[in-house]
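Work through each one before reading its solution.

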Amino acid sequence: MTTTQHSTGPWRVFDAFTDPEIVTDRPTAFETESLVQFKGQKNAKANARLMAAAPELLDALEELVERDRSEAAESGFTDDEMSWLEDARRIIAKAKGGAA
């Protein structure tokens, strides 16, 4: 699915202390690996939840794009009728470090 340059998921929010952080429990990590720490932000927990979901959101978007691209071609939809696919491809490229 996704060829990753980022730390592989799943990621989760760890908020046992004052400031939440995003961690991964991947097998190569010693217990948990801290990816991002939020210091003193009033909306830190909401930001952490959104960011922790990012790997799964990227995978889901890539699956949707591939499925809908194939179905659109089979159904005879024009590129204009499926313009959201180009938007989604641009977002995927941005997430992977490419041109947005």
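The expected span of a helix is 1.5 Å times one less than its number of residues. Helices (H or I, at least four residues) and strands (E, at least two) are DSSP runs, numbered from the N terminus. You're looking at a predicted model, where local features need pLDDT of at least 70, side-chain atom pairs count only at pLDDT 80 or more, and totals for chains, interfaces and linings use all residues. Residues are numbered from 1 along each chain as its sequence is written, and side-chain values use heavy atoms, with hydrogens and water left out.

**Exercise 1.** Find helix α3 and work out which of its residues are buried.

*Solution.* Start with the span: α3 covers residues 83-95, so to speak 13 residues. From first C-alpha to last it reaches 19 Å, close to the 18 Å expected. Next, pick out L85, A88 and I92, which are buried (under 20% relative accessible area, 1.4 Å probe, protein chains only). Seen down the axis of α3, its buried residues fall within an arc of 60° (taken from the directions from the helix axis to the C-beta atoms), so they line one face of the helix. Those buried residues pack against α2 (54-75). Finally, α3 is followed by G97, with a positive phi near 90°.

**Exercise 2.** In what order do the strands of the open sheet lie?

*Solution.* The order is β1-β2-β3, with antiparallel pairing (two strands pair if DSSP finds at least two bridges between them). β1 (11-14) and β3 (33-37) each have a single partner strand, so one side of each is left without a neighbour in the sheet. Now zoom in: 4 bridges join β1 to β2 (residues 21-24), and F14 stands opposite E21 in β2.

Definitions and conventions
Buried < 20%, exposed > 50% of the residue type's maximum accessible area, 1.4 Å probe, protein only. Contact = heavy atoms within 4.5 Å.
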